[in-house]
Amino acid sequence: QAGDAETALGHYQRSLEVSERLLVANTNSAQAARDVSVSLSKLADFLAERGLPGDAEAALGQYQRCHEVLERVLAANTNSAQAARDVSVSLDRLGDYLAKRGQPGDAENALDQYQRCHEVLERALAANTNSAQAARDESVSLERLADFLMSRGLPGDAETALGQYQRSLEVLERLLAANTNSAQA
């Protein structure tokens, strides 16, 4: 309906303001930081979809702020699998946005985000070698990196993508070997 977009934007902005105030009042709270990141991400999604002049850059800024908030949580909680997972999701979302936006340099920046996502999850798996969730996350990050390379289609991308798919399969095979009775594995 007419005016709904502006009303929605106001609610997203208000949600961000409330969550940011809670984070200021609880600076050591990972949950408060996570709430800020969710508000930033929702605001970014809205701006990316709305598509008015200036929205693309504003959306990118919100995605980047979201990631920065989550990186601080991870830095303060280096052994937290949840913090690593949250950072990886923010990197994926940032990579997805850049890949879709398609401005000069975005493909390289998207690839960088996907690679950083993989590195975060690789460290999380190394720190939690018995975690099935960490193994699945690692596998998915390798697949997403490979998918991006396949869609980009530059010389050498197909071979690199194949290597990522193979590494993903190896992670899942190790997961199955360690959990032979797991239907999920």
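Predicted model: local features only at pLDDT ≥ 70, side-chain atom pairs only at ≥ 80, totals over all residues.

Student: How do you know what span is expected for α3?

Tutor: At 1.5 Å a residue, the expected value is 32 Å, and the span of α3 is close to that.

Student: Which residues of α3 are buried?

Tutor: Among them are Asp 55, Ala 59, Leu 60, Gln 62, Tyr 63, Cys 66, His 67 and Leu 70. The cover over the buried residues of α3 includes α1 (4–25), α2 (30–50), α4 and α5 (106–127).

Student: Why is Ser 90 called buried?

Tutor: Buried means under 20% relative accessible area. Ser 90 has 3% relative accessibility, so Ser 90 counts as buried. Ser 90 lies in helix α4, residues 81–101.

Student: What is Ser 90 in contact with, leaving aside its neighbours within four places in sequence?

Tutor: Ser 90 is then in contact with Cys 66, His 67 and Leu 70.

Student: What makes α4 and α5 roughly antiparallel?

Tutor: Their axes are 8 Å apart and the helices pack at an angle of about 165°. Angles over 145 degrees count as roughly antiparallel, so α4 is roughly antiparallel to α5. The crossing of α4 past α5 is left-handed.

Student: Which residues meet there?

Tutor: On the α4 side they include Val 87, Leu 91, Leu 94 and Leu 98, and on the α5 side they include Ala 110, Tyr 114, Cys 117 and Leu 121. By class, this contact of α4 with α5 has twelve nonpolar, four polar and six charged residues.

Student: Why are α4 and α6 called roughly parallel?

Tutor: The axes of α4 and helix α6, residues 132–152, cross at roughly 15° and come within 12 Å. The cut-off for roughly parallel is under 35 degrees, and α4 and α6 are therefore roughly parallel to each other. Here too α4 makes a left-handed crossing, this time past α6.

Student: What makes the contact between these two helices?

Tutor: From α4 come Arg 85, Asp 92, Asp 96 and Ala 99, and from α6 come Gln 133, Asp 137, Arg 144 and Phe 148.

Student: How do the residues of that contact divide by class?

Tutor: In the contact of α4 with α6, two are nonpolar, one is polar and five are charged.

Methods
Residues numbered from 1 in each chain as written. Heavy atoms only, no water. Helix = DSSP H or I, 4+ residues; strand = E, 2+ residues; numbered from the N terminus. Buried < 20%, exposed > 50% of the residue type's maximum accessible area, 1.4 Å probe, protein only. Contact = heavy atoms within 4.5 Å. Expected span 1.5 Å × (residues − 1). Axes fitted to C-alpha atoms, helices over the stretch in contact; angles between N-to-C directions. Parallel < 35°, antiparallel > 145°, perpendicular 65-115°, else oblique. Left-handed = near helix turned anticlockwise from the far one by under 90°. Nonpolar A, V, L, I, M, F, W, Y, C, P; charged D, E, K, R; others polar.
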